[in-house]
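Me: Can you walk me through the charged contacts in this one?

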Amino acid sequence: LITLPGGSAANTAAACARLGLKTGFIGKTGVDDFGEFLKNDLIKEGVDVSELKKTREKKTGTCLIAMDRKRERHMYAFSGAANLLSPEDINPEYINSAKIVHLADLKNISPLIEAAQRAEGGTKVSLNPGGLIIGLGYRKIKPLLKLTDIYISSKDEASKLYQTSEPEKLAYKLMAEGIEVVALTMGKEGCYVADAEKKVQIPSFKVKAVDTTGAGDAFSAGFLYGYCKSLSLEECGRYANATAALKVSTPGARFKHGIEEVRALLRKCEDMI
């Protein structure tokens, strides 16, 4: 067994920091060695952990990832202390110091709703629900969707909320919730991005996939980087695809590259057109 850092929100925070964005993390660990390991790794990545909370009630969450002989991935997760994050743990001043508050896979969505409600003065709310939030069902997560400005997920996850798998219809339904920007990943088919003015499918980058764990988190980081830099919707999608492509080319859940490598991949693909 190899122990590596992970966690959807933490993966995205670390990737954003590697891309050059000023990044912080809000979450909860247990009072244990693994919690310290995760905290120190975020610090090493350049992520502010001043709002990372601890509890003695449960151990730090873990996830066992196994690959079968067909290289199919199987995940067995224990949320642990992460799921004990509460609305009272959310610091409104910290939330409103950010340009974007990114919310990710957590079965207990009450602190996520609190964070989204606290976002004021131009702070945007980004949501990458993942399997845990999607699994709660549309009725339970509708209040969170109503507070979301930027929605990022796989097309398959979004299709579980609405009775369609067509990206254009999914984007329409999501924007009907009040969401401004939608980005849907579609594996080898790339991604579908949409806002009020434009809807476009962007092809993926052809790379040798070593480990797809964390690909969606890296995609989120690439998209948010483009958004923070006021790039066009299409450019945001291309940066997201490039960041995800570089992630899957290396093992582990974390993005291990930097913004210059993302730009180099983008330039390389432009030269091949």
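Reply: What follows covers some charged side chains and their partners. This is a predicted model, with local features needing pLDDT of at least 70 and side-chain atom pairs pLDDT 80 or more, while totals for chains, interfaces and linings use all residues. Residues are numbered from 1 along each chain as its sequence is written, and side-chain values use heavy atoms, leaving out hydrogens and water.

Me: How many salt bridges does the structure hold?
Reply: There are 12, a salt bridge being a side-chain nitrogen of Lys or Arg within 4 Å of a carboxyl oxygen of Asp or Glu.

Me: Which residues are linked with Arg 254 in a network of them?
Reply: Asp 41 and Lys 44. The closest N and O atoms of Lys 44 and Asp 41 are 3.6 Å apart.

Me: Is Arg 254 buried or exposed?
Reply: Buried, at 6% relative accessibility (buried is under 20% relative accessible area, exposed over 50%, partly exposed in between; 1.4 Å probe, protein chains only). Asp 41 is buried too, at 9%, whereas Lys 44 is exposed at 65%.

Me: New topic. What does Glu 177 pair with?
Reply: Lys 146, in a salt bridge of 3.3 Å, N to O. Glu 177 is buried at 8%; Lys 146 is partly exposed at 43%.

Me: And which residue does Arg 263 bridge to?
Reply: Glu 260, with the closest N and O atoms 3.0 Å apart. Arg 263 is partly exposed at 27%, and Glu 260 is partly exposed at 47%.
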